[in-house]
Amino acid sequence: MIIEQLYTGCLAQGAYYIESNGEAAIIDPLRETSPYIRKSDKASARIKYVFETHFHADFVSGHVDLARKTGATIVYGPNANTTYEAYHARDGETFALGHVTIKVLHTPGHTPESTTYLLIDETGKDHAIFTGDTLFIGDVGRPDLAIKGDLTEHDLAGMLYDSLHAKIIPLPDDVIVYPAHGAGSACGKNMSKETTDTLGNQKRFNYALRAKSREEFIEKVLDGLTPAPAYFAENARLNKEGYESIDRVLQRGSQSLSPDTFEAAVNETGSLILDVREAADFAKGFIPNSINIGLDGQFAPWVGALIPELTQPIALIAPGGQEGETVLRLARVGYDNCIGFLEGGFSTWQQAGKEVDQIESISAEEFAARWQQNPHIPIIDVRKPTEFATEHVDGASNVPLDNVNDYMAEVPRNEPLYVHCAGGYRSMVANSILKARGFDNVINVEGGLAAIRKTAVAVSSGAPVL
């Protein structure tokens with residue numbers, strides 16, 4: 001028996017490859033199918049099943065394409081109604097995979113169809129659970145994403161408590177927990193950086209499993225939930241209804257466009273220009289009105305949070321050799337309408353003599369010098385409200401990047417704006433958006449609060465949010 005976790009840091013997502021005696025199963029695959037097919041081909045194994053724990057909201061699963069390419073059966077637990085062919089298993093139903101068995105444990109709560117898969121080894125021993133978003137390491141799935149009709153988040157949280165106590169907690173302590181996500185995912189609020197653990201440890205240390213009553217569990221799980229990213233509902237819909245082949249998406253998005261063709265295509269299609277270079281490179285020069293979301297950060301979730309429409313045409317500026325990766329990472333969260341990328345990157349745009357823009361970027365030391373001359377300069381902190389409340393520059397206003405478009409009317413336009421985050425990634429994203437919205441005098445503070453903290457600038461906690 002082989003179990004392999006395929007973890008993708010950008011999405012904080014774990015997919016799983018299970019193999020036994022020439023048969024393989026994939027649990028919660030990402031959109032791209034080639035990694036799973038390569039693994040099974042190398043092992044001369046047949047992918048027999050694609051198990052889905054639920055309708056994922058934070059990424060588009062590869063289940064439809066993978067089943068089409070391999071002949072595997074897509075398996076969901078109860079209450080999962082799909083518009084494509086899939087097998088809807090009964091609670092307690094078992095599936096043979098080589099010499100091992102996979103048992104369906106219906107665990108509603110995160111969503112009504114949420115299902116945990118129990119892996120029983122060759123000796124008949126409970127070996128591992130693949131919990132999806134039912135149980136994380138250090139947390140449980142948020143119960144507010146599948147509210148419909150009379151079903152409230154309190155109802156779902158109660159279902160989750162019942163599921164955990166009826167199906168998960170009674171399992172042996174040495175059972176291994178394999179969740180769908182780790183720290184950084186918006187599907188929970190207190191996830192560990194560890195991506196696997198024993199169930200016994202989770203019973204001892206997971207705050208949700210230690211709740212003394214159903215009421216306490218519901219209160220703790222619902223406390224502190226932030227609004228879900230806007231793209232979650234659309235990703236869940238795609239996973240339920242199906243989507244365009246990933247091969248066609250990648251082929252369309254991987255078109256190389258000359259500067260003139262790129263400019264004409266953007267104007268004709270109304271494409272958003274997405275520049276995925278590092279913040280420092282973007283600041284030195286970029287195509288006017290382009291948005292910077294660096295590929296080296298949590299790229300896909302930020303795209304989902306900041307580009308409202310999945311159908312938005314997108315034209316790419318990317319570092320050489322990373323164009324295909326960018327198109328793939330967009331597709332992972334359902335942004336399938338990439339029209340191509342600028343051949344040769346931003347330098348070819350410059351060489352063609354076309355219009356460019358810049359953003360002033362200063363060191364924390366220079367920021368401190370300007371602050372000392374005028375402690376009342378407008379400072380925009382784009383970190384999350386919880387980060388801001390913990391520590392921030394005196395007099396700063398909090399404009400969280402997640403909701404920056406909602407704050408445009410409150411941000412002053414007629415004076416220089418000093419924008420920072422924790423380390424520099426989010427502030428350049430915010431600056432690019434502000435620039436595109438007509439805020440001409442934005443100034444990026446390099447290194448963010450981590451660098452500012454080392455200067456003479458006054459830093460405190462507890463001030464109100466803008």
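Me: How many bridges join β5 to strand β6, and do they run parallel or antiparallel?

Reply: Two bridges join β5 to β6 (residues 87-88), and the strands run parallel; Tyr 76 stands opposite His 88 in β6. Two strands count as paired if DSSP finds at least two bridges between them, and helices (H or I, at least four residues) and strands (E, at least two) are DSSP runs, numbered from the N terminus.

Me: Before I go on, what kind of model is this?

Reply: This is a predicted model, in which local features need pLDDT of at least 70 and side-chain atom pairs count only at pLDDT 80 or more, whereas totals for chains, interfaces and linings use all residues. Residues are numbered from 1 along each chain as its sequence is written, and side-chain values use heavy atoms, with hydrogens and water left out.

Me: OK, back to β5. Which strand does β4 pair with, and in what sense?

Reply: Strand β4 (residues 46-51) pairs with β5 (residues 73-76) in the parallel sense over three bridges, and the bridge partner of Val 50 in β5 is Ile 74. Together with helix α2 (residues 63-70), these two strands make a right-handed β-α-β unit; right-handed here says that, with the strands pointing away from the viewer, the path from the first strand over the helix to the second runs clockwise.

Me: Where else is there a β-α-β crossover?

Reply: One runs from β10 through helix α3 (residues 153-168) to β11, and this crossover is right-handed. Strands β10 (residues 126-132) and β11 (residues 176-179) are parallel and joined by four bridges, with Ala 128 opposite Ile 176 in β11.

Me: And what does β11 do with β12, parallel or antiparallel?

Reply: That pair is antiparallel, with two bridges joining β11 to β12 (residues 197-198). Thr 198 in β12 is the bridge partner of Ile 176, and Val 177 stands opposite Asp 197 in β12.

Me: What sheet do these belong to, in what order?

Reply: They belong to an open sheet of six strands in the order β7-β8-β9-β10-β11-β12, with mixed pairing. β7 (94-97) and β12 are at the edges and each has a single partner strand, so one side of each is left without a neighbour in the sheet.

Me: Changing topic: what is the strand order in the sheet that has β18?

Reply: It is an open sheet of five strands, β18-β23-β22-β19-β21, and the pairing is parallel. Its edge strands, β18 (360-362) and β21 (397-398), each pair on one side only. Three bridges link β18 to β23 (residues 442-445) in the parallel sense, where Ile 362 stands opposite Val 445.

Me: Which strands do α13 and α15 lie across?

Reply: Helix α13 (residues 364-373) lies across β18, β19 (379-381), β22 (417-420) and β23, running at about 95° to β18. Helix α15 lies across β18, β22 and β23, running at about 175° to β23. Axes are lines fitted to C-alpha atoms, for helices over the stretch in contact, and angles run from 0 to 180 degrees between N-to-C directions.

Me: What angle do α10 and α15 make where they pack?

Reply: Helix α10 (residues 299-306) and helix α15 (residues 425-436) pack at about 30°, with their axes 13 Å apart. The contact (heavy atoms within 4.5 Å) involves Phe 299, Trp 302 and Leu 306 of α10 together with Tyr 425, Arg 426, Val 429 and Ile 433 of α15.

Me: Last one, the whole chain: how many helices and strands, and what does the C-alpha trace span?

Reply: The protein has 16 helices and 24 strands. Its radius of gyration is 24 Å, close to the 23 Å that the globule rule gives for 466 residues, so it is as compact as a globular protein of that length; the radius is taken over C-alpha atoms, and the rule is 2.2 Å times the number of residues to the power 0.38. Along the principal axes the C-alpha trace spans about 70 × 55 × 40 Å.
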